Amino acid sequence: MPRPQPSTALANLKVLDLTRVRAGPTCCRVLADFGADVIKIEAPPGVDPNEGMSGARHGFDMQNLHRNKRSLTLNLKEPEGLAVFMKLVETADVVVENFRPDVKDRLGIGYEALKVVNPRIILASISGFGQDGPYRTRAGFDQVAQGMGGLMAITGRPGEGPMRAGIAVADSAAGLYAATGILVALTERERSGVGQWVHTSLLQAQIAMCDFQAAVYTVDGKVPPQNGNDHPNATPMGVLPTKDGHINVAVGGEGQWKAFCRAIGHPDLAGRPEFASAPKRFDHRPMLREILEEIFRTEVSAVWLDKLEAEGVPAGPIYRMDEVFADPQVQHLQMAVPVHHHARGDIRLIAQPVVLSRTPAGISTPIAEAGEHTDEILREAGFDDAAIARLRTGNIV
């Protein structure tokens, strides 16, 4: 049967996916959703001592990370398994792995070995701390990278200690940066005809994601503090309590400040000397916050959002996850994509946030069962039924 195509954008690419947990699968999900033939390679049952560390196969996380992929079981620790893998590399475009840096060399699947088999191959490696340096062999975890990359020290209320972000920022960012690197390398290959090694790490990705908070130190020598829900450089820009909850407000220039004061029914605030400019408002932020909190507690969130919208002042609700997907704009953007799974029934997975006008991403299939496509993939690589049977008997696949 022809493989279901979620998109035609990357349908010419074959990707060998050796990844697990989050960073690597995030990278491969981008390629799969845009139509690449992503072959998820995993060990046969009982071979991997870390089997199951990514969670239940039919669970929400695995469903969301591994849709649109085919599955092949393969024991890379055995010479026959390595030979099968190298046979697949001959016709592949990309290999993605997120082992510790020493593991791929121990297995014999480092870039130098791969390019002998296929000079056009692109190897994408995602590690915790980089492919070389004093921490290269350390296991990488998102929260550790959040701490070492500076995010936790600037997150949370002042004086209350470091706070992790509520999502796997370092993992997800590393996966997205790796996908970007792969697409750059593929484009360059069109000119040069040869592949290359693309690598990133959770630590590098986390530092890069800190962006202006990192640059304020590298450029100006200032160590950014925690600011809680307040913007580090502007006010009023952050969370305000209302009669029934909280909302976000984001007041930019002087025009928005005056509009904000009109919207809340206190145009006089705009004329007060201590609030007459953005720097003065920032200098008097505690005073301004006290005034605004008293005002905003007099009405419910919906009323304030309507008033601010009428004056063109940026503001928004603070949703729980169920409220996110009930919002009409989110529904319009189709961020929850329906798909049918044989065990879970009809479920919804999270859409790619990048929209292409002609070749958009899609979700055609949920996660495959382990080894579901093993015979199919091996036949495509030139193995006959007898050879496949021998591989199965030897627990190679």
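I began with the rule for pairing: two strands pair if DSSP finds at least two bridges between them. Strands themselves are DSSP runs of E, at least two residues long, and helices are runs of H or I of at least four, both numbered from the N terminus.

With that in hand, I looked up Val249 and found Ala315 of strand 9 opposite. Strand 8 (residues 246-250) and strand 9 run antiparallel and are joined by 3 bridges.

A note on what I am reading: this is a predicted model, where local features need pLDDT of at least 70, side-chain atom pairs count only at pLDDT 80 or more, and totals for chains, interfaces and linings use all residues. Residues are numbered from 1 along each chain as its sequence is written, and side-chain values use heavy atoms, with hydrogens and water left out.

Next I traced the sheet, which is open, with 3 antiparallel strands in the order 7-8-9. Strand 7 (237-241) and strand 9 (315-317) are at the edges with a single partner strand each, so one side of each has no neighbour in the sheet. On average, neighbouring strands here are turned by 25° against each other, direction ignored. I noted that axes are lines fitted to C-alpha atoms, for helices over the stretch in contact, and that angles run from 0 to 180 degrees between N-to-C directions.

Finally I stepped back to the protein, which has 18 helices and 11 strands. Of its 397 residues, 46% are buried (under 20% relative accessible area, 1.4 Å probe, protein chains only).

Terms used:
Buried < 20%, exposed > 50% of the residue type's maximum accessible area, 1.4 Å probe, protein only.
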